[in-house]
Amino acid sequence: MKIKMLVSLAGNEYSLSPGDEREFPDKEAIRLIDAGYAVPVAEGKVERAVVQSAPERRGKKGTKADVVSDDNHDAGRE
C-alpha cells in the first residue's frame with residue numbers, strides 16, 4: 001500500500017521526511033496510518049484530454065478555385 005508520511009521516519013532501508021510517499025507492505029502501512037504517522041495515498045487513474053489536429057486539406061495541385069484574372073476584372077460591368 002502506498003502511503004504519504006506526516007512525520008519523519010528512518011529505518012535500515014529508508015529515510016522519509018513529511019510529504020514523502022512510499023510503498024509499504026499492507027500490515028506495516030496500516031500500522032503507520034493507525035499510529036498517525038502517515039495517510040493512505042489514493043491512486044486513481046488520471047485521464048488526460050488530447051487535442052486532435054484538424055485533418056489537412058489541400059486542393060489539387062496547379063488549380064485555382066474561383067480566381068478572377070486581372071485582365072477581366074471589369075467583365076460584366078458597364
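**Close-up views of a predicted model**

**View A. A salt bridge joins E21 and K2.** With a relative accessibility of 40%, E21 counts as partly exposed, because this class covers values between the buried limit of under 20% and the exposed limit of over 50%. The whole model shown in these views is predicted. The partner of E21 in the salt bridge is K2, and the closest N and O atoms of the pair are 3.7 Å apart.

**View B. Strand β1 has a covered face and an uncovered face.** The strand comprises residues 2-5. I3 and M5 form its covered face, whereas K2 and K4 form the uncovered one. On the β4 side, K2 has E23 as its bridge partner, and K4 stands opposite E21. On the β5 side, A38 is the bridge partner of M5. M5 also touches L16, S17, P18, G19, D20, Y37 and A38, when residues up to four places away in sequence are not counted. A38 is therefore found both among the contacts of M5 and as its bridge partner in β5.

**View C. Three strands form an open sheet in the order β4-β1-β5.** The pairing within this sheet is antiparallel. Strands β4 and β5 stand at the edges and have a single partner strand each, so one side of each lacks a neighbour in the sheet. From one strand to the next, the twist averages 35°. Strand β4 covers residues 21-23 and pairs with β1 over three bridges. Strand β5 covers residues 38-40 and is likewise joined to β1 by three bridges. In general, the strands of a sheet pair through backbone hydrogen bonds, in a parallel or an antiparallel sense.

**View D. The largest nonpolar core has seven residues.** Its members are I3, M5, L16, F24, A29, L32 and A38. The elements that give two or more residues to the core are β1 and α1. I3 and M5 are also the residues on the covered face of β1. In the chain of 78 residues, buried residues make up 9%. Which elements does helix α1 lie across? The helix, which spans residues 26-34, lies across β1 and β5 and runs at about 120° to β5.

View E. R31 is partly exposed, with a relative accessibility of 47%. E28 also counts as partly exposed, at a relative accessible area of 25%.

**View F. The structure holds one aromatic pair.** Y14 and F24 form this pair, which is edge-to-face. The centres of the two rings are 5.4 Å apart, and the angle between their planes is 85°. The pair links distant parts of the chain, ten residues apart: Y14 lies in the loop between β2 (9-10) and β3 (15-16), and F24 lies in the loop between β4 and α1. Are Y14 and F24 buried or partly exposed? Y14 is partly exposed, at 21% relative accessibility, whereas F24 is buried, with a relative accessible area of 5%. F24 is also one of the residues of the largest nonpolar core.

**View G. The chain has one helix and five strands.** Along the sequence, these elements follow the pattern β-β-β-β-α-β. Among contacts in the chain with a separation of 6 or more, 39% are between residues 24 or more positions apart.

How values were computed:
Residues are numbered from 1 along each chain as its sequence is written. This is a predicted model: local features need pLDDT of at least 70, side-chain atom pairs count only at pLDDT 80 or more; totals for chains, interfaces and linings use all residues. Side-chain values use heavy atoms; hydrogens and water are left out. Buried means under 20% relative accessible area, exposed over 50%, partly exposed in between (1.4 Å probe, protein chains only). Helices (H or I, at least four residues) and strands (E, at least two) are DSSP runs, numbered from the N terminus. Two strands pair if DSSP finds at least two bridges between them. Axes are lines fitted to C-alpha atoms, for helices over the stretch in contact, and angles run from 0 to 180 degrees between N-to-C directions. Contact means heavy atoms within 4.5 Å. A nonpolar core is a set of buried Ala, Val, Leu, Ile, Met, Phe, Trp, Tyr and Cys residues joined through side-chain atoms within 4.5 Å. A salt bridge is a side-chain nitrogen of Lys or Arg within 4 Å of a carboxyl oxygen of Asp or Glu. Rings of Phe, Tyr and Trp (its six-membered ring) pair if their centres lie within 6.5 Å; planes under 30 degrees apart count as stacked, over 60 as edge-to-face and the rest as tilted.
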